[in-house]
Amino acid sequence: MPNLKDLPLQQIARSFQQMFAQDGATAMQYGGGQGLETLREQITDIMSLEGIHASAANVTITAGSQHALDLVTQLFVNPGNPILVEAPSYVGALSVFHSYQCDVHHVLMDQEGLIPEALDEAATQLERAGRPAKFLYTVPNFHNPGGMTLSEKRRPQIVEICQRHHLLILEDNPYGLLGFDGHLYPAMQPLNPDGVIYLGSFSKMFAPGFRIGWALAPDQITQKLVVANETAILTPSMAAEMSISKYLQDFDWYGQVDKFRVMYRGRARATLEALKKYLPDCTWTHPVGGFYTWVHFPAGINTNAMLTRAVQNLVAYVSGTAFYADGRGSDYLRIAYCYPPEEQIREGIRRLALTVEQEKALLANGEVAHGDTAAKSA
Ligand code: PMP
């Protein structure tokens, strides 16, 4: 969960009250299937920060970017069709891909994000098998769960490889404005506007409660997305769209993003320091923005099996297996440092280390049957 403690709620309440008093009848009405035009215009301004020059006509507003992921998958994939995703990949996207029965193929990442050669190889193999992938799903900035960021050098390479393989890119970027030093990474969309669907969201740069995200897509795809949106929800919530539009208009929203950024930077630092202190045998990624670090455990530890014991010790995490479609990942876990304050983070990682010690002791005594524990915690 993003941490919302720094939002100026009293001022926001006053601004929204004024909006409802003036335009309440419109805010409580049905809207259009593509979403409120004023908000779509504001969204194009936000995207221009990452080098995207788009028209509001190519933006479709959705119920969070999660909904956009669902619509795009529904449009492009029939059961059994292959798609390419990162290894690891966002659990919510994997749930969507699972529900549409996609044949998910993972492509390796390293500290610099998706590995171009691995992508080329995976796309080639599927083509040779006569089953080209329908799209590549990627989270280039401050990855969930990986914490890594696609290097600027690799961005044009990834776009070129996808163009060569006629592979659509689904560029999912909910965290892009949350770089700890304020650096904005260039989006891939401008490098091939006809071959990229870019997803954005207000969930992390403002608040998730309104459930407003968007998809920027080429003309023909936008037409289909709008129909799919209407089929699913008729129209995005006008009350939510008008509230967010008012927030963007009345508040220093970018200054607010700066506050979030500084808060998350402190939490990330506390996390990495505590990992170094309490879990020196592990390795982890060094996020430069966003909410997550991805921790690797030495041989023997199964993070799935260990979860029950961790919860008994009052600390929780998401086991690495949630981020793969093929059962991999039990030697990894995701730490989300965004919500708890720094002292709780330190205490949480101390409890995690205690859990690991207990697990190791039981393993050494042959007392843990991992299959059993995993079954209980599933
Ligand atoms: N994509 C990624 C990578 C995410 O981490 C999330 C939320 N955790 C989403 C999409 C969905 O966000 P929302 O629906 O709130 O916009």
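Helices (H or I, at least four residues) are DSSP runs, numbered from the N terminus. An axis is a line fitted to C-alpha atoms, for helices over the stretch in contact, and angles run from 0 to 180 degrees between N-to-C directions.

This is a predicted model, in which local features need pLDDT of at least 70, side-chain atom pairs count only at pLDDT 80 or more, and totals for chains, interfaces and linings use all residues. Residues are numbered from 1 along each chain as its sequence is written, and side-chain values use heavy atoms, with hydrogens and water left out.

**Helix pairs**

| Helix pair | Axis distance | Angle |
|---|---|---|
| α1 (residues 9-27) and α8 (residues 238-250) | within 10 Å | roughly 135° |
| α3 (residues 64-76) and α4 (residues 91-99) | within 10 Å | roughly 30° |
| α9 (residues 253-278) and α11 (residues 342-364) | 9 Å | about 30° |

The angle between α1 and α8 makes this pair oblique. Angles under 35 degrees count as roughly parallel, over 145 as roughly antiparallel, 65 to 115 as roughly perpendicular and the rest as oblique. The crossing of α1 and α8 is right-handed, a term for a near helix turned clockwise from the far one by less than a right angle. Contact (heavy atoms within 4.5 Å) involves residues of α1 including Ile12, Phe16 and Phe20, and residues of α8 including Met238, Met242 and Tyr247. By class, nine residues of this contact are nonpolar, four polar and three charged. Here Ala, Val, Leu, Ile, Met, Phe, Trp, Tyr, Cys and Pro count as nonpolar, Asp, Glu, Lys and Arg as charged, and the others, Gly among them, as polar.

Helices α3 and α4 are roughly parallel because of their crossing angle, and α3 passes α4 in a right-handed crossing. On the α3 side, Gln66, Leu69, Asp70 and Thr73 meet Gly92, Ala93, Val96 and Phe97 of α4. This contact has four nonpolar, three polar and one charged residues.

The angle between α9 and α11 likewise makes them roughly parallel, and their crossing is right-handed. Residues in contact include Gly266, Ala270 and Tyr278 of α9, with Glu342, Ile345 and Arg350 among those of α11. The contact divides into seven nonpolar, two polar and four charged residues.

**The ligand**

The ligand is surrounded by 14 residues, and the closest are Asp172, Tyr175, Ser201, Ser203 and Lys204. A nitrogen atom of the ligand lies 2.9 Å from a polar side-chain atom of Lys204. One N or O atom in the side chain of Arg211 is 2.8 Å from an oxygen atom of the ligand. For Gln66, a polar backbone atom is 3.0 Å from an oxygen atom of the ligand; Gln66 of α3 also meets α4.

Notes:
Helices (H or I, at least four residues) and strands (E, at least two) are DSSP runs, numbered from the N terminus. A residue is near a molecule or strand if one of its heavy atoms lies within 4 Å of it. A polar contact is a pair of N or O atoms within 3.5 Å; within protein, one must be able to donate a hydrogen and the other to accept it, and residues adjacent in sequence count only if both atoms are side-chain atoms.
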